[in-house]
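Biologist: I would like to learn how to read a model like this one. Can we take it feature by feature?

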Amino acid sequence: MTSFYDEMVDGDGRTRPHYAAFGEWLARTAPQRMAQKRREAEVAFHRVGITFAVYGEKSGTERLIPFDLVPRIVPADEWRTLEAGLVQRVRALNLFLHDVYHAQRILETGIVPRELVLYNEQYRPQMRGVDPPGGIYAHVAGIDVVRAGIGDYYVLEDNLRVPSGVSYMLENRKMMMRLAPEMFAEVPVAPVEHYPDLLLQNLRSVAPAGIENPTVAVLTPGIHNSAYYEHAFLAQQMGVELVEGPDLLVLNDTVYMRTTRGLSRVHVIYRRLDDDFLDPNAFRADSMLGVPGLFAAYRAGRVTLANAVGTGVADDKSVYPYVPDLIRHYLSEEPILNNVPTWRLRDPDDLKYALEHLDELVVKEVHGAGGYGMLIGPAATRAEIESFRERILAAPAKYIAQPTLALSTCPTFVNAGLAPRHVDLRPYVLSGKDVRVVPGGLTRVALPEGSLVVNSSQGGGTKDTWVLER
Amino acid sequence: MLCRTAADLYWLSRHMERVDNTARLIDLAHRIALLPERPSPGLDNPSPWGRALDALGRAEDYALRHGALTPARVQQYLILDADNPSSIYAAVHAARESGRAQRGAITSEMYEELNSTWLRVRDLDFDQLSSDGLSQFLDWVKRRAGAFRGVTLGTMGRGEANEFLKLGTFLERADSGVRLLDVNFSDPRFGQRAEERSAVEYYQMSALLQSLSAFETFRRVYRDVLTPARVAELVILNQDLPRSLARCSAAIRDAVMSLATSRRSETARLSGIMAAEIAYGRIEDVLAEGLPSYLARFLDRLYKLADAIRDEFLLNTDVVTE
């Protein structure tokens, strides 16, 4: 079996320097005390009610995402590279989106195949010619990063629609400060608590032109959405209203919320609702969650939607392989962060290769999200591989394949004690007047031994993420 | 504040107050039912359970779904029937759902109160409840409602949200106050011989005062024997009794005045008139008009006010100028 890069321990079993202080804390804290802290964390998360609903399970199960006490620590110099790479990537993706919904020069150059964009389910022709303030489309991006092989970072996936999870970044930090306060005096951990302030500033900076004191609201699909807790949390932390579709009303291309004092204008909507459901007049007519007329108001520049409509065309897995070329094209820079090598199964040669190597590849649906509908070759049974082969052959263009990455591990508490488990990292990138990354992110950990799937819907847990300031 | 938030808070406190008052109504009917029967010849002698259903406006629904009146079946209907919006079960559930939708607008202590009450009510079993004793259960319900009021008072900020909570509480309390009075004074035997009060009358009035937690207050205020006029005066016009119609009307007016954008608004006008009429009312005039007519008029005012509150605060569509 391959040996994995471990975040805390090097190949010779020595604790890496940036984990030294935490390693000592672990060693000097008695196991009973540690178990007590783990129970305390669980009780606290339950009481606050940070749960999420799992789709496809019976009776709208609410589940707690397990929290692990060992943080993922990122050294200062690595973070500087990551941060620069993330900013670069998101800037290029925003420029790509602007181009796709305006002149479409990128399609003229042939850098990205025309049909890949124009026939993409996530492409919104209604967005052609719409000018969002500042030319920003993905105001909030969650970029999934993994470390593989000998320790290089790779971007696994861009999330430019309604990335979630940032509430866990904040709650996990709060929990660590409660359970190990002495560590924060010893280790220079960069703060993340100001994220809601940055988000609010960012949203206000993209208000329609000429608005002095814009009103921001968070739009949620409602209490049954899996991320409702996060929507309520962010609205409360920013001090803005949490609205549902029926709370909003559009009159003369102006969006209002219904308040006890009357109709009050809204200028920026941080929407946590997919494009399809935003406006029954413009998109899915059967949407009960949206606001009739919202898209017309948006097109008229009377309200800003964050994220913009149609960002899905840039985070689609079929476009992912082209992102390094987009960076070169729009910014004339070399990409700082690696892409994972990807076979596009729409291409016959790539398809042939993939079908011959299914047992060693990861195959993903290009429009899939959340770890649903993917094949992990090395972990799959013969029968699973064969049934997936048929699905691929039925519609090869719907799939991409990637080598199974040897994701890095991080020590994690399991029943038997501390054991290495695979982790990824989702930092959040805010784009408005400028592009900013909060020094931290959501670290997800695959809890079953050997598992590479970190999605919370598939039994993943989370850790606090410590970016060191020096 | 969003209309939806205001509406949820208003209904949250209405439903919690309803929980308390339904328990008080059952308590009243239960106390009256325990009195020795002395049927008056030539008069209709409806059971207190029938009058309780009448007072809630649920007699027809009950007859349709359950038929004959039996004490146990009416109790079950008033406590556990999920399809009866006045039942304790339905009201606790509705309050908890409003609270869950507005967790950000109420305090976590308030939500924990709601949630733990709901978890207990959800698992209630009528047979168990009957064998443990009805009174014990009703006491528990009243204690839970009291705990919720206390936690609200002790943890909730004094802003707009709190005014909507108060509005819901006192509107519902006034509404059920009328219904409790109705259970009592709708007995056709009542007041037949005002001069020589019967034992039945005495016990009915004392049951009413007990269900309103007003017996001690009666003794303190009057230091005299129970008469229908005194009981009516206390329960309708007294400004000190926290469950009197006068106290409720004043609290409703205060909440409306702090919410209304203008003193000339319809809610301000209606709540002002209602509170003033009671504040300056005299029991002689009430009795001269006749209690049933007086209470019907009061209830009508409450309904009109509730409609105005809905139009002015919960569905307001005037554009706020920037």
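Modeller: We go from the whole chain to the interface, then to two residues. Keep in mind that this is a predicted model.

Biologist: Start with secondary structure. How many helices and strands does chain B have?

Modeller: Chain B has 16 helices and zero strands.

Biologist: How much of chain B is buried?

Modeller: Of its 322 residues, 54% are buried. Then look at the contacts. Take those in chain B with a separation of 6 or more: 67% of them join residues 24 or more positions apart.

Biologist: How do I read the size of an interface?

Modeller: Interface size is often given as the accessible area lost when the parts come together. Here chain A and chain B bury about 1900 Å² between them. Carbon and sulfur atoms hold 48% of that area. On the chain A side, Thr260(A), Arg261(A) and Leu263(A) lose the most area to chain B, together 37% of what that side buries. In residue terms, 23 residues of chain A are in contact with 22 of chain B.

Biologist: Now single residues. Is Ile26(B) buried or exposed?

Modeller: Ile26(B) counts as buried, because its relative accessibility is 0%. Its place is in helix α1, residues 3-33. Beyond four places in sequence, Ile26(B) touches Trp49(B), Leu78(B), Ile79(B), Ile88(B), Leu134(B) and Leu138(B). Take Leu78(B): 52 residues away in sequence, yet 7.6 Å from Ile26(B), C-alpha to C-alpha.

Biologist: Where is Leu69(B) found?

Modeller: Leu69(B) is in the loop between α3 (59-66) and α4 (71-79). With a relative accessible area of 45%, Leu69(B) is partly exposed. Outside four places in sequence, Leu69(B) contacts Ser47(B), Gly50(B), Leu53(B), Tyr62(B) and Val74(B).

Biologist: What separates Leu69(B) from Leu226(B)?

Modeller: They are 157 residues apart along the chain, and their C-alpha atoms are separated by 31 Å.

Definitions and conventions. Residues numbered from 1 in each chain as written. Chains lettered and ligands numbered in written order. Predicted model: local features only at pLDDT ≥ 70, side-chain atom pairs only at ≥ 80, totals over all residues. Heavy atoms only, no water. Helix = DSSP H or I, 4+ residues; strand = E, 2+ residues; numbered from the N terminus. Buried < 20%, exposed > 50% of the residue type's maximum accessible area, 1.4 Å probe, protein only. Contact = heavy atoms within 4.5 Å. Buried area = accessible area lost by both parts, 1.4 Å probe.
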